Amino acid sequence: GGGGEGGWQVDARILDTLDAALSNFWNHLSVAIPACSITAALARLVRPEISSSPRPHLNSSRGDISARDCNRWSRVLRSLLRALRARPSDIALAVSACVAIAWLCERAVKLEAADASEVMSSFVVVMRAHPRESDVVESACFMFSAAARSNDEKVRANVTNSGAPLLIVMALKHFSEAQGDVQPVLRRVVHALRMARIEDPGTAGAIRLAGAPEALTRVMERHRENLMLVKNARAALSVLEEHQVDL
């Protein structure tokens with residue numbers, strides 16, 4: 001691609017090749033996993049403003065992407081979701097696909113409601129398949145947060161309706177007690193929890209009942225040297241307390 005002050009334009013021929021490979025070989029791990037890595041690397045080059053912009057920018061010399069490229073990226077996203085749903089039990093694919101989908105949502109795709117629903121359902125399947133696999137949970141929560149940050153109300157509704165918040169709490173409870181280097185996964189889990197519409201009273205109530213406050217408190221006590229993690233855990237706890245309801 002060509003460089004510019006605001007980012008890089010990914011050559012359309014590269015996207016077409018990536019799209020064709022995934023469209024034809026999405027169910028072959030030898031193609032899907034490298035394609036995930038390539039997708040993540042390319043998506044990171046795109047201007048981040050595109051994900052929150054109401055319309056695709058057309059000034060490709062500064063790294064913005066055209067409507068045609070938006071369609072290419074969306075096709076790649078759907079192929080990755082298809083591959084992930086086909087083999088959610090494969091750890092390498094789950095990690096690679098979740099990271100690639102996350103970067104697509106962050107940088108290259110304006111998520112539509114239907115695609116958001118697929119992302120959330122994929123999150124649920126992956127988290128159920130690997131509830132205690134830190135690499136998978138970390139990448140899945142990255143994917144969740146990237147999708148949940150959308151301002152589209154239909155997309156946001158998919159966050160609550162998917163059952164994802166309770167799965168995030170289950171992961172939080174496990175890793176808040178786990179030994180070893182769990183701070184990277186806790187950072188992603190706590191951030192995902194904050195993105196899970198916990199300001200909604202019903203969601204906040206369900207999350208409280210599932211044990212989120214106790215787990216957040218445990219994170220703050222066990223990892224007090226990690227100031228950013230403690231700050232985010234405290235912020236999530238404050239929101240839950242502010243919006244608590246009697247169920």
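The secondary structure of the protein comprises 12 helices and 2 strands, taken as DSSP runs (helices H or I, at least four residues; strands E, at least two) and numbered from the N terminus. The model is predicted, with local features requiring pLDDT of at least 70 and side-chain atom pairs pLDDT 80 or more, while totals for chains, interfaces and linings use all residues. Residues are numbered from 1 along each chain as its sequence is written, and side-chain values use heavy atoms, with hydrogens and water left out.

Along the sequence, the elements follow the order β-β-α-α-α-α-α-α-α-α-α-α-α-α. Of the 247 residues in the protein, 48% are buried (under 20% relative accessible area; exposed is over 50% and partly exposed in between; 1.4 Å probe, protein chains only). The protein exposes about 11,600 Å², of which carbon and sulfur atoms supply 49%; accessible areas come from the Shrake-Rupley method with a 1.4 Å probe, and for residues only the protein chains shown count as cover. Among contacts (heavy atoms within 4.5 Å) between residues at least 6 apart in sequence, 74% join residues at least 24 apart.

Helix α3 covers residues 67-86. Its 20 residues should span 28 Å, and the end C-alpha atoms lie 29 Å apart, which agrees; the expected span is 1.5 Å times one less than the number of residues. Buried positions in α3 include Asp 69, Cys 70, Arg 72, Trp 73 and Leu 84. The buried residues of α3 pack against α1 (12-25), α2 (29-43), α4 (91-108), α5 (113-129) and α6 (134-148).

The crossing of α5 past α6 is left-handed, meaning that the near helix is turned anticlockwise from the far one by less than a right angle. Residues of α5 that meet α6 include Val 119, Phe 123 and Met 127; among those contributed by α6 are Val 137, Cys 141 and Phe 144.

Two loop residues were also considered. Leu 45, in the loop between α2 and α3, counts as partly exposed because its relative accessibility is 37%. Leu 45 and Arg 107 are 62 residues apart in sequence and 8.0 Å apart in space, C-alpha to C-alpha. Arg 197 is located in the loop between α9 (183-194) and α10 (201-209). With 17% relative accessibility, Arg 197 counts as buried. Although not a glycine, Arg 197 has a positive phi of about 55°.
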